[in-house]
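Here is a short briefing for a reader meeting this structure for the first time. Please look over the sequence and the structure before going on to the points below.

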Amino acid sequence: MHIPDGLIPAQVCAAGYAITGLTTWYSLRQINRKPDPTAEIPKASLLTAAFFVASSIYVPVPPVSVHLILNGLLGVVLGYFAFPAILIGLFFQALMLGHGGLTTLGVNAAMMGIPALVAYHLFNLRQGLGQVLPDRVALGGFAFLGGAVGLGLSTLIFLVLVITTIPAGFDVDTERQVVLTLSLAHVPLMAIEGAFTAMLVLFLHRVKPELLEG
Amino acid sequence: MALVSSDAYVQGTSMVHRWPPRLKLVGLGALMFAFAMVQQMVLLLPIAAIAAGLYGLSGLPLSLLSHRLRYPGLFIAAVVVLLPFTSGDTVIAQWGWLALRQEGLEAAGLIVVRFVSILTLGFILLGTTPFLTIIQAMRGLGLPKILADMTLLAYRYLYEIAENLATMQQSMALRGFGHQPRRWGVSRRTVQQLAMLVGSLLLRSYEQSERVYKAMRLRGYGYGPGNQATLGRGNANGQFRAGWGLTVGVLAMAVCIVAVEVALSIG
């Protein structure tokens with residue numbers, strides 16, 4: 001789910017870079033407010049590399065297989081480091097694998113990274129709203145929400161961007177219907193990504209809870 | 001995961017190889033954005049020629065380009081197959097219900113040429129500049145310290161973590177993962193096993209990061225005036241005078257493309 005070079009107009013690419021610049025500035029500002037921001041850089045960097053590598057894993061759903069995006073999980077585990085991590089991961093993908101592109105890096109980072117920050121805040125809601133639920137249920141439930149919403153928002157942004165900017169000459173109603181249909185087709189994928197995130201968060205909570213303090 | 005080693009051709013001696021990294025980044029970046037702006041069919045040939053000319057000047061083998069275009073071409077291929085048959089009103093050929101439309105064909109042509117031309121410039125950048133030098137050049141152009149350090153550290157451990165994952169996946173396969181009889185739909189057990197695989201990978205990386213951090217602190221990371229310690233800080237070898245000529249030439253081409261595009265779209 002990357003937008004490649006040459007597909008969308010340069011104005012959209014420039015707007016993507018502007019949004020990514022602002023969100024990076026905001027994320028770095030939040031990171032710099034921590035007591036010792038440098039202490040978390042190695043952790044965030046190695047986890048960035050691990051997420052980048054893990055994004056190559058496919059979940060077999062016979063007769064096909066599903067590629068995980070993991071942006072919601074990144075938000076849940078890395079907090080404000082998720083946005084820079086996604087930006088770096090996409091930069092690696094554009095240069096090393098040819099996925100996405102350098103002119104569309106800003107758009108792709110905003111498309112994946114902002115939902116990751118939303119997922120982080122959703123996951124943090126467990127501390128307030130989740131008080132009434134048993135610990136594991138709150139943890140798993142909000143992790144599921146973070147993973148599913150992270151993917152869902154990214155998919156929606158991707159579809160809206162691609163369908164409205166490709167010079168296809170569709171009318172507004174057709175565009176709306178295509179976006180709606182394709183978005184609904186992604187609901188099962190959101191459920192898989194959410195379930196994956198919830199299982200992983202419960203696993204980490206059991207064996208290394210400090211990893212979820214991001 | 002097919003991570004491409006980017007440093008196979010960076011030792012060349014072509015003019016593009018000797019182009020100072022910061023100027024190369026600015027020049028090629030501006031040209032990429034100029035290419036992305038192109039909407040006029042008349043500009044397609046010039047941008048393809050500029051990309052081909054620069055690729056020729058870099059001395060990189062054609063096999064590198066054809067090999068690396070293979071995967072990213074898939075998404076574009078899907079767009080190219082669909083657009084000429086779904087977009088536009090002017091039918092130029094018809095086979096039963098299937099109609100080839102001029103507007104769709106033009107849109108597909110624009111997308112393909114822009115895509116290949118921009119990607120070629122990206123390959124020139126990566127193929128002629130070591131990855132670490134690219135990051136240093138970006139740092140010199142104002143990339144924030146945290147982003148530069150994260151990029152360098154993530155790159156340093158990327159291949160190691162990829163090897164870790166490959167070993168873990170091989171162990172899983174040897175224990176029978178993936179050999180169960182296939183049933184349609186998603187299996188809860190499979191998702192759980194994959195979640196634990198990724199969880200273990202994150203754990204190993206996290207534990208390694210703690211050791212790395214301690215080693216970095218012992219070497220002074222995070223100390224110094226204004227907490228400015230940055231990994232891999234290096235000197236840019238910007239003494240190549242012809243590099244300025246190349247930069248001016250490339251920027252002039254970018255400006256010309258944008259000017260022609262604007263003039264044609266207004267007129």
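A:Pro37 touches A:Ile31, A:Asn32 and B:Ile146, leaving aside residues up to four places away in sequence, where contact means that two C-beta atoms, placed from the backbone, lie within 7 Å. This is a predicted model, in which local features need pLDDT of at least 70 and side-chain atom pairs count only at pLDDT 80 or more, while totals for chains, interfaces and linings use all residues. Residues are numbered from 1 along each chain as its sequence is written, and chains are lettered from A and ligands numbered from 1 in the order in which they are written.

**Setting of A:Pro37**
- A:Pro37 lies in the loop between α1 (10–32) and α2 (41–54) of chain A, with helices (H or I, at least four residues) and strands (E, at least two) taken as DSSP runs numbered from the N terminus.
- Because 18 other C-beta atoms lie within 10 Å, A:Pro37 is partly exposed, a class between buried (20 or more) and exposed (12 or fewer), with C-beta atoms placed from the backbone.

**Contact between the chains**
- Chain A brings 55 residues to the contact and chain B brings 64 residues.
- On the side of chain A that touches chain B, α2(A) gives the most, with 13 residues.

**Hairpin in chain B**
- Strands β1 (residues 91–95) and β2 (residues 98–101) of chain B run antiparallel and are joined by four bridges, where pairing requires at least two DSSP bridges.
- B:Trp95 stands opposite B:Leu98 in β2(B), and B:Gly96 in the turn of this hairpin has a positive phi of about 65°.
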